[in-house]
Amino acid sequence: MALREAMHAYDADEVPIGCVIVCKGQVIARGYNYTERLHDFTAHAEMQAYTSASEFLNGKSLHECTLYVTLEPCVMCAGGAYNTRLGRIVFGAYDEKRGFSKFGNHCDNGQSIVHPKCEVVGGVLADECAQVLTSFFREKRSN
């Protein structure tokens, strides 16, 4: 489902990153990048989904939720996961340049970038997720 959301971004000429948030077996939020359309650097797929999930649950805590996202979250989106107390993050491709794990999961002051109780699983469908991004940027460079 997150890959499907990434394809919506691709079709909208946005960097193709997509996600879904699941709570108790139900998809409660979906998101894909809106940064170009909104002219907003913070309009990442995850940030869109956090807002939508919080609205669905009528509260800001997502501790019983899992975020499935096609690319490893950046530090900003990991910080959003921290603040929502997200229970689990499952991501596809690792982001070697901007992914939060590049920083060892901790800020300079030793605090965790994601909430300490948040389980993180990376590399799920990594090749498929990376291929969508590779195709998008290859197409951009050829134009």
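View 1. Of the 29 residues in the largest nonpolar core, Ile 21, Tyr 50, Leu 67, Leu 86 and Ile 89 touch the most other members. Two or more residues each come from β1 (18-23), β2 (26-32), α3 (45-57), β3 (65-71), α4 (75-84), β4 (88-93) and α5 (126-142). A nonpolar core here is a set of buried Ala, Val, Leu, Ile, Met, Phe, Trp, Tyr and Cys residues joined through side-chain atoms within 4.5 Å. Buried means under 20% relative accessible area, exposed over 50%, and partly exposed in between (1.4 Å probe, protein chains only). Helices (H or I, at least four residues) and strands (E, at least two) are DSSP runs, numbered from the N terminus.

This is a predicted model: local features need pLDDT of at least 70, side-chain atom pairs count only at pLDDT 80 or more, and totals for chains, interfaces and linings use all residues. Residues are numbered from 1 along each chain as its sequence is written, and side-chain values use heavy atoms, with hydrogens and water left out.

**View 2. Around Ile 21.** Leaving aside neighbours within four places in sequence, Ile 21 is in contact (heavy atoms within 4.5 Å) with residues including Val 27, Tyr 50, Thr 66 and Leu 67.

**View 3. Thr 66 in strand β3.** Thr 66 is found in β3 and counts as buried, at 11% relative accessibility. Not counting residues up to four places away in sequence, Thr 66 touches Val 20, Ile 21, Val 22, Arg 88 and Val 90.

**View 4. Helix α1.** Ala 2, Glu 5, Ala 6, Ala 9 and Tyr 10 are buried in α1 (residues 2-11). Seen down the axis, these buried residues fall within an arc of 155°, so they line one face of the helix; the arc is that of the directions from the helix axis to the C-beta atoms. The buried residues of α1 pack against β1, β2, β3 and α5, while the face turned away carries exposed Arg 4 and Asp 11.
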